Amino acid sequence: MMLMIGGHPRSGTTLLQTLCDLHPDMAVTNEFGCFSFLGQPSGDYNRSIYNRWQRVQGRWAFDIAYARYTPLLRLNNLLFALRHLYLYRRKRQGAVVTAVSLEATYRTMYPHARVVGDKWPHYLYRMDKYVQETDLTRLVIYRDCRDVTSSFLVQARTNWKDTDWVQNVDTAEKIAAKWVRGIEIMEKYADKLIILQYEALMHEPEKELKRVSEAIGLDPAGFPTDMIDPGSIGKYHKGLSDAELETVLRIAGP
């Protein structure tokens, strides 16, 4: 099975990806972005993946197994991308990138895994395209817009402040509006998605992960639930001003 994980940034996608990747029967990469290129000519895939690496370099690990090697992340990400492309050339089927070819490539990279895939929050916003893929399972997570906005603004004002895209999501109004679009997409394709609520996952991890396990056919005991911390819920009380909270409720409340 080929699995895609998406959701609004700061909604728990990284936690969900980590939980899945640590399951003994799963291997899920971290924002490698391979599904972004579905339908592209296979001959252009090398350039697409190289451009993805150029954008990421060493800001995070494509494979969290080597995330602790911080000084080598840039090199490790490049080696990961090159190995992926080498195996993709051997496994590809047809003239365009397909989920079937990506799955065959991932299965060679991770022979122990019954479920393989990639996490990238922005997959959610391209779901019109992905729901047409019959060989792709889509798992999305959403979170209280107040906590999403608070967490996102912290990043936008610190770690992300020098990026070329942050001006598109640097106010409570912009973040809440994007969150609403994400919820509308989930509602539109609810019958084609596995949908998790972050707060439910925090409070009842065994129940929620069992639901995911049943959908993808794996043993729920494989998920390491000890890393789940409900203390992350409700931090918006300290992170949002009264004006920002009022803005979020006006846009996302309904």
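This is a predicted model: local features need pLDDT of at least 70, side-chain atom pairs count only at pLDDT 80 or more; totals for chains, interfaces and linings use all residues.

Q: Ok, Thr137 to start. Which strand is Thr137 found in?
A: Thr137 belongs to strand β4, which covers residues 137–142.

Q: And is Thr137 buried or exposed?
A: Thr137 counts as buried, because its relative accessibility is 19% and the cut-off for buried is under 20%.

Q: What does Thr137 touch?
A: Leaving aside residues up to four places away in sequence, Thr137 touches Met1, Met2, Leu3, Met4, Ile194 and Ile216.

Q: Switching to helix α7. How many residues does α7 have?
A: Helix α7 has 17 residues, 172–188. From first C-alpha to last, α7 reaches 24 Å, close to the 24 Å expected at 1.5 Å a residue.

Q: Which residues of α7 are buried?
A: Among them are Ala172, Ile175, Ala176, Trp179, Ile183 and Met186. Lys178 is also one of the buried residues.

Q: What do the buried residues of α7 pack against?
A: They pack against α5 (127–130), β4, α6 (145–157), β5 (194–197) and α11 (242–252).

Q: New topic: at what angle do α2 and α3 pack?
A: Helix α2 (residues 45–56) and helix α3 (residues 73–91) pack at about 165 degrees, and their axes are 10 Å apart. Angles over 145 degrees count as roughly antiparallel, so α2 and α3 are roughly antiparallel to each other.

Q: Is the crossing of α2 and α3 left-handed or right-handed?
A: Right-handed.

Q: Which residues meet there, in α2 and α3?
A: On the α2 side they include Tyr45, Ile49 and Trp53, and on the α3 side Arg74, Leu78 and Tyr88. By class, the contact of α2 with α3 has 8 nonpolar, 3 polar and 1 charged residues.

Definitions and conventions
Residues are numbered from 1 along each chain as its sequence is written. Side-chain values use heavy atoms; hydrogens and water are left out. Helices (H or I, at least four residues) and strands (E, at least two) are DSSP runs, numbered from the N terminus. Buried means under 20% relative accessible area, exposed over 50%, partly exposed in between (1.4 Å probe, protein chains only). Contact means heavy atoms within 4.5 Å. The expected span of a helix is 1.5 Å times one less than its number of residues. Axes are lines fitted to C-alpha atoms, for helices over the stretch in contact, and angles run from 0 to 180 degrees between N-to-C directions. Angles under 35 degrees count as roughly parallel, over 145 as roughly antiparallel, 65 to 115 as roughly perpendicular and the rest as oblique. A crossing is left-handed if the near helix is turned anticlockwise from the far one by less than a right angle, and right-handed if clockwise. Ala, Val, Leu, Ile, Met, Phe, Trp, Tyr, Cys and Pro count as nonpolar, Asp, Glu, Lys and Arg as charged, and the others, Gly among them, as polar.
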